[in-house]
Amino acid sequence: MRTDTNDAWLARVLARPEPEDPVARRILDAALEQFTLLGLRRSSVDDVAKRAGVSRVTVYRRFQTKDKLVEDTLLRELARFFEQLDAVVAPLPTMRERVVEGFVVALRHTRAHPLFGGLLRLEPEVVLPYLTVQGSPSLFATVDYLTAHLRRAQQVEGRPDEDPRPVAELMVRVAVSFLLNPAGCIEMEDEDQARAFARRYLAPLLDA
């Protein structure tokens, strides 16, 4: 079920600027490094403060709680991911090509990202709930992002004016499943295999 809270969360992700406060930026940089090296569970606000060269009071003054610091760190990385994804897919001439390359980029980025991919390896029991039973906010954000792209493509390419959200959600769920459990009969070890899969199974969904 969608809520106003989900919509506000999405807006913050997609339009989120870097903090104007240089100290807040330094704290987020330190949090990213700290969480990447030791994970969320083993990292404290004191650890982040020490790495940032500030007092724990300074961290709490800007982020209130550890949970808020974790959330803001993840939000900034997700916003950066959307920016990188846009940079790759925007120049492509058709939506089918964007879907294919977007799938490849999403898998590559998430697996290689020091925080997202690193936490899946370092603390899977901590991260998995945010990608499964507690994953509604991130799922909604990513589905909304892809839905907006599909809707624009419908207008530009003269496709039927149908709701693209179900297709967007199916694509996102497929990508998440491969991220969480890459083992299976479908080869997805390199980008050529991921691209071939997306061409054969994901791009045709645009015509469903």
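## Nonpolar cores and a helix pair

Phe-103, Leu-150, Met-171 and Leu-202 touch the most other members of the largest nonpolar core, which has 26 residues. Such a core is a set of buried Ala, Val, Leu, Ile, Met, Phe, Trp, Tyr and Cys residues joined through side-chain atoms within 4.5 Å, where buried means under 20% relative accessible area with a 1.4 Å probe, protein chains only.

H10 provides the largest share, 7 residues.

The model is predicted: local features need pLDDT of at least 70 and side-chain atom pairs pLDDT 80 or more, while totals for chains, interfaces and linings use all residues. Residues are numbered from 1 along each chain as its sequence is written, and side-chain values use heavy atoms, without hydrogens and water.

Leaving aside residues up to four places away in sequence, Leu-150 touches Met-95, Val-99, Pro-164, Val-167, Ala-168 and Leu-206 (contact means heavy atoms within 4.5 Å). A second, separate core has 20 residues, including Val-23, Ile-27, Ala-31 and Leu-119.

Helix H2 (residues 22-38) and helix H3 (residues 45-52) have axes that come within 8 Å and cross at roughly 120°. Among the residues making the contact are Ile-27 and Ala-31 of H2 and Val-48 of H3.

Technical notes:
Axes are lines fitted to C-alpha atoms, for helices over the stretch in contact, and angles run from 0 to 180 degrees between N-to-C directions. Helices (H or I, at least four residues) and strands (E, at least two) are DSSP runs, numbered from the N terminus. Buried means under 20% relative accessible area, exposed over 50%, partly exposed in between (1.4 Å probe, protein chains only).
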